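Please read it with the sequence and the coordinates open beside it.

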Amino acid sequence: MSRQGQDVEEDAVSGGDEVMEEPEEQEDGYTSSTPTSTLTWISWFCSLPGHEYFCEVTEDFIEDDFNLTGLNSMVPFWKEAMEMVLDVEPDEDAAKIPDVSIVESSAEMLYGLVHQRYILGRAGQQAMVDKYESGIFGSCPRVYCVGCNVVPCGRSDLPGIDTVKLFCPNCNDIYVPPSSRFQGVDGAFFGTTFAHLFFQNYRDSAPAPFWKAPPSGGSSLSPRSSATGNRSSPFVNPNPYGGQKRAAGYVYVPRIYGFKVSERAKCGPRMQWLRLRPETPAQLDQVDYRGRWIDEDEYEDEEDEQDRQMEDFDPDLGDDDDEEEDDDDDEEEEAGGPSGQQQTRHAETIPPARGVVHAVRTQPTAPRQDAPVAIISLPQASGGKVRMVRQWTDRPPVLTGAA
Amino acid sequence: MLHRAVEDISTGSDSDYSSTWISWFLSSKGNEYFCEVDEDFILDRFNLTGLNNEVANYAQALDLITDQLDDEVQDELRGSLDVQARLLYGLIHARWIVTARGLAKMVEKYKRGDFGRCPRVLCQSQSLLPVGLIDVPYEKSVKLYCGRCEDLYSPKSSRHGSIDGAYFGTTFPHLLYLVYPTLIPPKTGPPADGPASANNTGEGKGGRRRGREEVPDAVGGMSGEGGGEGISTASVALKAERYRPRIYGFQLNETAKLQRWQEAMRDRQVARLEELEERG
């Protein structure tokens, strides 16, 4: 039966109650489950609010029984659901179905599970890349991913477990869709595999796992400008099977009155590793498959400062998370080559925390005395106000110093 | 609550219904992130040091905020004055929320989830805190800081996305966790204050919880700090969950490598901090 023929039949079928349906359709074109003359069930379904993430599965794909292997045990009212999805006129004995809404939910489940399989194939990936590039799935809410486009992703391949999430290839993390209308969409309709297969296929859209701060001009305060600033030089990932896009690699560094919060504070940074990238692809190989550093000595040759720190473990050296603090462009400007980057640590030789507190307060622009910040005077219940404000009046020099 | 509903209807119009400019400002749509600055804080000129250079028509804007503006002037300048008053209030707000009383007010809003929830799935709807990327106005819009993943997110709503980040400042969320270490979110499991479940369902329930847990902090001011002395956060990162991309159940080579490297960096930090702790 040709597509055209079905549409005509559809017309004839729905023509009977057109008069009754009309007011409803004017109110809301979506509430009616009867497709209009040109609309197939599939395109109607994909146009529903909240179904923006779905692509249209071709009917050939659904009609091929091989593609449906195993699904008929998961979907109730299989036959009726198939008829609905493919716009086939129901058999006469369709009257035995108690409620059309049950079939509708079956059809949705059927379509969703077929969709999960379809988008893993070539045609499905192509359909999804079009949607991806036009930004239909939205962008990562994380500030330092700088609007990297995301793809829908499930946490389970079985329906009824969790709703759809969004995967960001830049931070390799998953997010709740911003709009509540996606709360009703099952994550299994996209599956756990799709997002990652997608970025394997379209490596130009996948950010590489390493990142180096641009030598100058970059700033944590303007991630946008720095991301665009270094586009002049072509980016190459030596791993041909890896992501070929320049990553957005800045990691947020918390600051109190312009000073980094030391990791030695209880409230100090603990999660920067989650977003961190090595500067070179070679650094990835310094960790073995068990997650241990392969050769600390060799590592030390490359990044002497950091490793000396690990070896001697001098607490006064404080945080070695300089590479996390990539946004310190004023410091990084001094660091010329890839190894020079690590040398920024030399400035870490700060005196023990408590002794410096005073200096920190009086010299707020001192570049490397970030560690003791956490012990800065807290606002007291009564006299705190005045003290805090004093510090505020010191702010303008701080800002100009940092900027 | 009723007052607020009335205000929503009259958005845009000036203080017809509300008693003060500040309460009108706070109840207008899009200003949910702001808390009320105590009037005596504003009236203490010392707290406003330097702001007269930032705000045009400073004196009148201040008068408008404190409801002391002459009616005649109001008609002439009202349009521009409203903008200046918002700027002035925002800059005062940034200073206010890093004081003890301001922090306590923001803690209440934090516990209510007024700043939204972390969009990261594994943060399990952790309550967020507003933060600026720079303390200078007209540079960057406000962002939201998650204490669980320690990262920054853009507000979902464009209403909030257009608020100036300088009205909250770069310091605020970190100072809050410094002063209230008991509020530092756990890295695993449901959020400590259970906001995910008590989100909108039980206003009364939330109120009761606040009554029980928060009052000591808010009233005692610094008592939160005392409670946090015993907390060790050296190895909390080890418990943090993370997402692992998989294709047909298998991890991807390059991503898995990156994640192993990141975890090795994490382990390094944990070792460093634990060593530090042992030394006391």
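1. Phe34(B) is buried, its relative accessible area being 5%, and because the threshold for burial is under 20%, the assignment follows directly from that value. The model is a predicted one, and this should be kept in mind for each point below. Phe34(B) sits in the loop of chain B that runs between helix H2 (21-27) and helix H3 (39-43). If residues up to four places away in sequence are not counted, Phe34(B) touches Phe25(B), Leu26(B), Tyr89(B), Gly90(B), His93(B), Lys109(B), Ile163(B), Tyr167(B) and Phe168(B).

2. Is Thr66(B) buried or exposed? With a relative accessibility of 6%, Thr66(B) counts as buried, and, once its neighbours within four places in sequence are left aside, Thr66(B) is in contact with Glu39(B), Ile42(B) and Leu43(B).

3. In chain A, Ile294(A) belongs to the loop between helix H10 (281-284) and helix H11 (296-302), and with a relative accessible area of 52% Ile294(A) is exposed. Apart from neighbours within four places in sequence, Ile294(A) is in contact with Asp285(A), Gln286(A), Val287(A) and Asp288(A). The C-alpha atoms of Ile294(A) and Ser101(A) are separated by 59 Å, the two residues being 193 residues apart along the chain.

4. Also in chain A, the axes of helix H5 (residues 78-85) and helix H6 (residues 100-118) cross at roughly 75° and come within 8 Å, and H5(A) and H6(A) are therefore roughly perpendicular to each other. On the side of H5(A), the residues that meet H6(A) are Trp78(A), Glu80(A), Ala81(A), Met82(A), Met84(A) and Val85(A), and their counterparts in H6(A) are Val100(A), Val103(A), Glu104(A), Ser106(A), Ala107(A), Leu110(A) and Tyr111(A). Sorted by class, this contact of H5(A) with H6(A) has 10 nonpolar, 1 polar and 2 charged residues.

5. In chain B, helix H7 (residues 100-112) packs with helix H9 (residues 172-179) at an angle of about 95°, the axes being 11 Å apart, which makes H7(B) roughly perpendicular to H9(B). H7(B) contributes Leu103(B), Met106(B), Val107(B) and Tyr110(B) to the contact, and H9(B) contributes Phe172(B), Leu175(B), Leu176(B), Tyr177(B) and Val179(B). The residues of this contact of H7(B) with H9(B) divide into 9 nonpolar, no polar and no charged.

6. Chain B also has an open sheet of 3 strands in the order S1-S2-S3, with antiparallel pairing. Strand S1 (128-131) and strand S3 (151-153) are the edge strands, each pairing on one side only, and the twist from one strand to the next averages 40°. S1(B) pairs with strand S2 (residues 143-146) in the antiparallel sense over 4 bridges, and Leu144(B) in S2(B) is the bridge partner of Pro130(B). H9(B) packs on the sheet, where this helix touches S1 and S2 of chain B, and the direction of H9(B) makes about 130° with that of S1(B).

7. Finally, helix H12 (residues 253-279) of chain B has 27 residues and reaches 39 Å from its first C-alpha to its last, which is close to the 39 Å expected at 1.5 Å a residue. H12(B) is followed by Gly280(B), whose phi is positive, near 80°.

How values were computed
Residues are numbered from 1 along each chain as its sequence is written. Chains are lettered from A and ligands numbered from 1 in the order in which they are written. This is a predicted model: local features need pLDDT of at least 70, side-chain atom pairs count only at pLDDT 80 or more; totals for chains, interfaces and linings use all residues. Side-chain values use heavy atoms; hydrogens and water are left out. Axes are lines fitted to C-alpha atoms, for helices over the stretch in contact, and angles run from 0 to 180 degrees between N-to-C directions. Helices (H or I, at least four residues) and strands (E, at least two) are DSSP runs, numbered from the N terminus. Angles under 35 degrees count as roughly parallel, over 145 as roughly antiparallel, 65 to 115 as roughly perpendicular and the rest as oblique. Contact means heavy atoms within 4.5 Å. Ala, Val, Leu, Ile, Met, Phe, Trp, Tyr, Cys and Pro count as nonpolar, Asp, Glu, Lys and Arg as charged, and the others, Gly among them, as polar. Buried means under 20% relative accessible area, exposed over 50%, partly exposed in between (1.4 Å probe, protein chains only). Two strands pair if DSSP finds at least two bridges between them. The expected span of a helix is 1.5 Å times one less than its number of residues.
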